[in-house]
Structure formats: C-alpha cells, structure tokens
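User: I would like to learn how to read domain contacts, a chain interface and a helix in a model. Please take them in turn.

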Amino acid sequence: MSALPEIDTAPVIEMSGISKRFDATQALDDVSLTLYPGETHALLGENGAGKSTLIKVMTGIHSPDSGVIRVSGEEARFKGSGDAQRAGIAAIYQEPAIFPDLNVAENVFMSHQDRGVLVNWRRMYKDAEAILARIDVRMDVRMLASDLTVAAQQAVEIAKALSLDVRVLIMDEPTAALSAHEASELFKQIRRLTDAGVAVLFISHRLDEVFEIANRVTVLRDGRLISSRPRDEATQAQAIRDMVGREMSDFFARNPQPLGDVVLRVDGLGREGVFSDVAFELHEGEVLGFAGLVGAGRTDVGLSLFGIARPDTGVVELRGKSLSAASPRQALRAGIAYLSEDRRRFGLSLPQSLTANITLATLRNYVTRLRLLDRSSERTVAARFREKLNIRTPSLETPVEQLSGGNQQKTMLAKWLNTQPSVLILDEPTRGIDVGAKAEVHQIIDELAASGMAIILISSDLPEVLAMSDRVLVMREGQQMGLFERGEASEEAVITAAMGAQ
Amino acid sequence: MSGLLSLRPERLRELSLFAVMAVAVFIFSLLIDNYIGGSFFNRVTTSVAITAVLAAGQTLVILTRNIDLSVGSIVGVTAYVTGEYLHNHPDLAPVLAVGYAVAIGAGLGLLNGVLVAYAKVPAIIVTLGTLAIYRTWLINHSDSRTITSDGLPDWVVELPNSTIVSFGDFDIRTVVAGSIALIVVLQLMLGGLKWGRWVYAVGSNPDAARQAALPVRRVILGVFVASGALAGLAGFLFLSRFGTITVNAGNGLELQSVAAAVVGGVNIFGGAGTLVGAFLGAVLINLLDQSLLRVPGLSEFWRDAVLGTLIITAVAVDFLLGKRLGRLSTSARGRRATGVPPPGQGASSDA
C-alpha cells in the first residue's frame, strides 16, 4: 500500500459552518469538512445523520442556509449541479446512473457535448479504453452498459468522472451491491484515482472497508460533526460510539443453541446454467449462512426454494415430505418465506401504509364473515410487530416510503414473519441500513432461531455471516464449494472457497 | 393551514376540485346569461351519470398500472347491440335488458383482460387494438343502419327523464342517483374488501405483489372485466339517453374517462386514487363541457382541446405540487403523531 498522501498541500474543497434546515428538521448544523488532493476521506453516520444532505450541498443540489464552500481557496456558490460539475466535483451513487441502452464508451463520454456534430467512433472507443486503463480496468468498450455487472457499471462511472477531469469524487455506498472481491477491485480503482491527486469522499456502512481505504474518518450524527480523525488515530469501536452516541458491540453475539430436527433437506438441487448440486440440511433453530460473491447463485437457490424460479433437478424435502413449490403461494403455504434482497423492487408496496404492507401476504386472515377486511385486527397485528421489531414510524398508517431504510427493512421482515414460516430465507437483510438497525436485525435473527425457526441467511457481508451463522455454505459460480461448521468457518477459509483459490 | 395540510392527499385533491368547480361556475355565470338553471343542472347531471360510470371502471384499471382505451368502443357496441335486441324483443324485462348490456361489456373486457394478464401484451397496445377492432366490428355489423328511439320500449326512452325527487326545476334523476349509488358501493368495496387492497398492491408494486403470493393476473383480469361491464352499463345509459345510435356512438369516451380519473387524482402510474375522486373529475369535465357549449361565439370543437388541457394540467400539477404537498403533510402528520393522537385517524385512511 502507498504511503499517506502529503496533506500539507492546499485543500481542494473546504466547507465551513454549513447549516441546512428542512421544515422542522435541522439536517446539517454547523458542519465543516475539508478535502485534500489525493486523500480518501470516509464519511460515517447512521441513516438520517446528514450525510446525504452534505453530499447534496457539495454537488450543488441544495444550497446551504449558511456557511461557505471554497474550491481551491475561492469561494463558490453553486446554483445547480452543473456548477459543481464544472468545479470538478462529481458523485457516484450506490445505483450507478448509467444509460443501459448505450455502450460503455458512449456512457463514458455522455457529458461531453463539445465534440462536434459527428461522432468519431474509433477515437471515442480508443479514448474510452485509455481512460479505463488509467484505473486499470479492461473491458470491451463496445458492450452495452446493461450487460455489465454493477461493479463494472461503477467502473464506467468512475471513468466518466475521470473524463470530466474530476477533482473531488464522492462515492455514496459504492460497495453496497458488490461482493468482497469486486469491492477490493473498486479499492484498487480508488487508489489509482487518489494517486492521480483526486480527493475521494467515501461513504459506507461497512467499517472494515472504511478502515482499509480511508486516510481520515469523519462521523456525523444528527446533522452535527461529531469527530474527524486520521485513520491511524481512529478505531472501529470509537467510530461506532460516535455514530450511535452509545457503546455498542459491532456484532451481536449469537447464543448458540442445540439444533433441533431437520426441517428442510435439499439434495442435488440445480437449475440449468445457474447453479447445480446444492445439498444441505437445515435444522430447527439453525442459522445457515450462504456466503459467496455476488452472482454466485445464492439468491437463485433462495428463489428456487420460494417457488419463483423452478429448479430442474434435485430433491427438496420439508419435514420429510417432498416439496416442489411452483409458486410463492405454494411455498408460503408450505411454510417457507423469502425476504428479498431488493426491498424497493420486490419487498414493499411503497405508497401503501405500514399496516397494509405487514398484512399483504396474509390478507385472507383478516376477512370477516361479511367478506370485509377487519381493519382493527390488522392494526392490532401491525402494532404488535411495530413494538416487537421496534419499527420507528409516526403512525401505523404512514406510507412505508416515508420510513428510513432500516425501518422499511423491519417492515418487510414483519410481513414475512406474519406468515409464520417454519423456514425463513433472508437475502441480504442488512444491506444499506445503518449500524443501529443492523444490530437490531441481528438480535431479531437470534431470537427467531432461539424460538425454533430455521433460517437461511444470504449475505455478502462476511463478518455478518460468520458472526450469525451456525454453519456456513459457500457458493462460487453456481457450485457449492463447501459447508463449514461454526468452528471451521474462518474468514480466510470462506474467502478462499468463495474465490476458488487453493 | 396546518389543518388542511394534515389531510391525506386524496382528500386535498377532492376539496380542490370543489374549489375549481366553484370558480368555473362563477366565471361562466359572468359570461352566460341565465347560466344556472334547472335544465342546465339536469343536462350536466345526466351526462355525468355516463362519464362517471365509465370513469369508475377506468379508475380500477389505472389503479393496477394499466389503461383501458377500448371503453368508448365498448359503449358503442353495447348501446347498438342492446338497442337492436330491444327492437326485436320489446317485452324484455328491464333487469334483463340492462344485464344484457353489462354482460356483453364484461365479455369484451374479458378479452382485454386475458390479453393483458395472460398474454402479457401491454394494456395500452391491447386496448388501442380492441378500440379499433370493436368499432370495426360494429361498423360491419350495423351495415350502416341506425338504431332509433321509435323501436325502443317506452321505459327505455323515458328512463333519462324519470326523476326521484325535484327541488323546483332541479331534478334528481333516477340514472344520476343510481350511478352515484353504484360508485359509493364500488368505493366501499375497493376500500373494504381484500380484493380492493390487492388492486392497490398490484398497482403500487407488481413485483412485490407477486412475491407476496397475490393472484396478480387474476386481479388484472378482474379490473378489465369490471371496466368492460361498467362500459356496458354506460352503453345502456347512452342508448336510453340518446335513443338514436349510429356506428359512431361513444366515440371519444375513452378520453373522457381517462380525463375524469386523472383529474380526480388517480395516479396514472397506478397504486393511488379513489373512485370518489374520479366521480368529481367526471362532474368537473361535464360541467366545463356543457358550459363551454353555451358560451356565445365559441366553437364546439374547443371542447376536446379543453379536455386535453385538463388532463395535462392535472398530471402536471400532480408532479409539481405532489412532492411539496406530500412533504408538508408528512411533517404535519409527524408533528401530530408526537402529540395528541388525531381523532379518527385510519378511519379515512388508505385502502
């Protein structure tokens, strides 16, 4: 790894005393942040701490109520994101903002409108390759962006920023949708950027990453700057304390319980071209972790068990009886529930209320003799889950789109728990939610397992899988690479299996 | 002000429609002599009855993220075919006559629904196609004959004028009261039945609905059948109101029904809106339509343009104000939630 960058150079951007208020919420309160060329600056905070607002102020989307922004020492007033872009400030978000029907090179040069009327394709492809080479990425620049993985799309976004001579690059949870391997590739790209003098503001909920990549760690809480320390003087425990304002262990410690009877037995399960030969037994009270890179086929196994994508081969037995779920309805009836990794797309009905979402999959239980819905018993159930899962919401009738990510996640969990499954498949249950909510979800998983539920935990967050699971099944490119007992599932062993190295 | 903001967006939309109507009535009363009168009221309400029934069906379809452009043609077909049948069977019981129109409409809606829900053809394409197909069939079938009121049973011809109660010159017509009652019943079903909740769930997130094991295809099929059946009923009302049915009957009613729904606050992307809103939208449209007819020196061709402008304005206003209003009402709601619990919260809530 390279040495710390020189930070006695002049700052590229200096924000001092930034405040911003929305209605009753003080989103930012006297926040100051300075970025130097070549540094990677991590910004931490729970959801709602003010990170997004700060980014929006930096990129000209919001103008601050008070405070000063200086770019290279000169005071800047951004009237829109165009101004910020011209000042060399760009942002990359968790979901890449690419044009799926255009190819890589067209995406890289999308913002260059000064290249004349005719497109010189050959030159554009060459230039795109050259820019990608600057971050050590080789790909076919004629490929459609929609055919790229999320990781490759992000590389295209970085290349796009480079083509605009960016000086400050903001990355908002860029690794949330990446596997560990892809994330480490991204870090290499980030290092190439910082070596070239770009300042990177890096936002992530994964502390390991933050401490791997950042030179400085800054924590926001409730719109205020709580701490800003050089990496060498910061610790993960300290950062968590600063974020939540209280002591909290990084991961919930499971209470290992003796396992019960076999609930689910899977043997030789496969789907043509997606995964094959998956075999495991799942016991009452067990948490079986599914580890692997994104795209290794873990989600596809979950979808097959839930009846969304039918397997071609293999046996699935639920409590000794053969099960072939051809639809989510059959799976639910058999007692299998599946919490999707994509809560906005598959998990929640965003404009509908908390109550309507929690009862959606079990609506037939709330029909009175007159065939009308029994609103009050719906609300009773929703209120119970609100208390049990600590869902923070203004009311039971609040549309879920108005809740924070962590509370949306708990609402989705409540919907599936309400089906009273005997097997619960959790696909990335803590993706993109803050540290506090994550700890709560871990505690809920532990309690469910203790009550005898059999749980499959699919997660790309390796420390989470290792901490939460009784056993860990590792997949790679559709193949089951191993099934580790709790004692043998070390980080090295799982990564080695997941990446196929020896 | 905060009292207004604490209302749900649907209620706010409904109140603002009343305000727009009041302003329109005021302006027209300056432009037109003897603007407000019994006969005008009766004309507007009778035409509202047809639009409102169509708009109710259209709303159900739009709530599921689809659209039904064939309703105008379904009105034409059912009005014509039912008229023809009554010519030949003048003694048919009224209930059966109405049932005949509704059943034909439902059948045509079923075809739309099957193509959308099971053949997975986008609704805008399916119903644009059947809009043309149903109309072409009618042209062929009619052989350029026209249905006239002479051959219709008396009860059909007299239905539009039958009145439940009158206040001076202002009549509450049977068809108007009937269509209001129908919409109230449908609204209660939409808000109170499992099926109603499914309609909203399918429209606001079809993928999540599928994963929650909802019968998504059946729900979509159902709203198209309902829209067809309601268009069939509207076809019957059309027949009784005009008596004379040509092959062009009902042309352009799809535009009116979509306009009534979106002006009434039904989200064109599905998942949000009420039948009551669509009804108020229908009232506004017909009020403007009938008023513009009477403005001296204004060509009647302006009426369609006004309708088009209304649709665009309604959707544009939704986009421009929607976020702002939503945020304001959210913060108002948030404040309330921390204080005293509001009375009756939930009673008027989502469905």
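User: How many residues of domain 2 of chain A are in contact with domain 3 of chain A?

Analyst: Count each side separately, with contact meaning C-beta atoms within 7 Å. In this predicted model, 10 residues of domain 2 of chain A meet 9 residues of domain 3 of chain A. On the domain 2 side, helix 15 (residues 435–450) of chain A gives the most, with 4 residues. By class, that side has 7 nonpolar, 1 polar and 2 charged residues.

User: How many residues does each chain bring to the contact between chain A and chain B?

Analyst: Chain B brings 25 residues and chain A brings 30. On the chain B side, helix 9 (194–204), helix 10 (206–211) and helix 14 (302–338) of chain B each give two or more residues. That side is made up of 8 nonpolar, 11 polar and 6 charged residues.

User: Is helix 14 of chain A mostly covered or mostly exposed?

Analyst: Mostly covered: 12 of its 13 residues are buried, among them Trp416(A) and Lys410(A). The cover includes helix 13 (375–388), strand 17 (423–427) and helix 15 of chain A.

Terms used: Residues numbered from 1 in each chain as written. Chains lettered and ligands numbered in written order. Predicted model: local features only at pLDDT ≥ 70, side-chain atom pairs only at ≥ 80, totals over all residues. Contact = placed C-beta atoms within 7 Å. Nonpolar A, V, L, I, M, F, W, Y, C, P; charged D, E, K, R; others polar. Buried ≥ 20, exposed ≤ 12 C-beta atoms within 10 Å, placed from the backbone.
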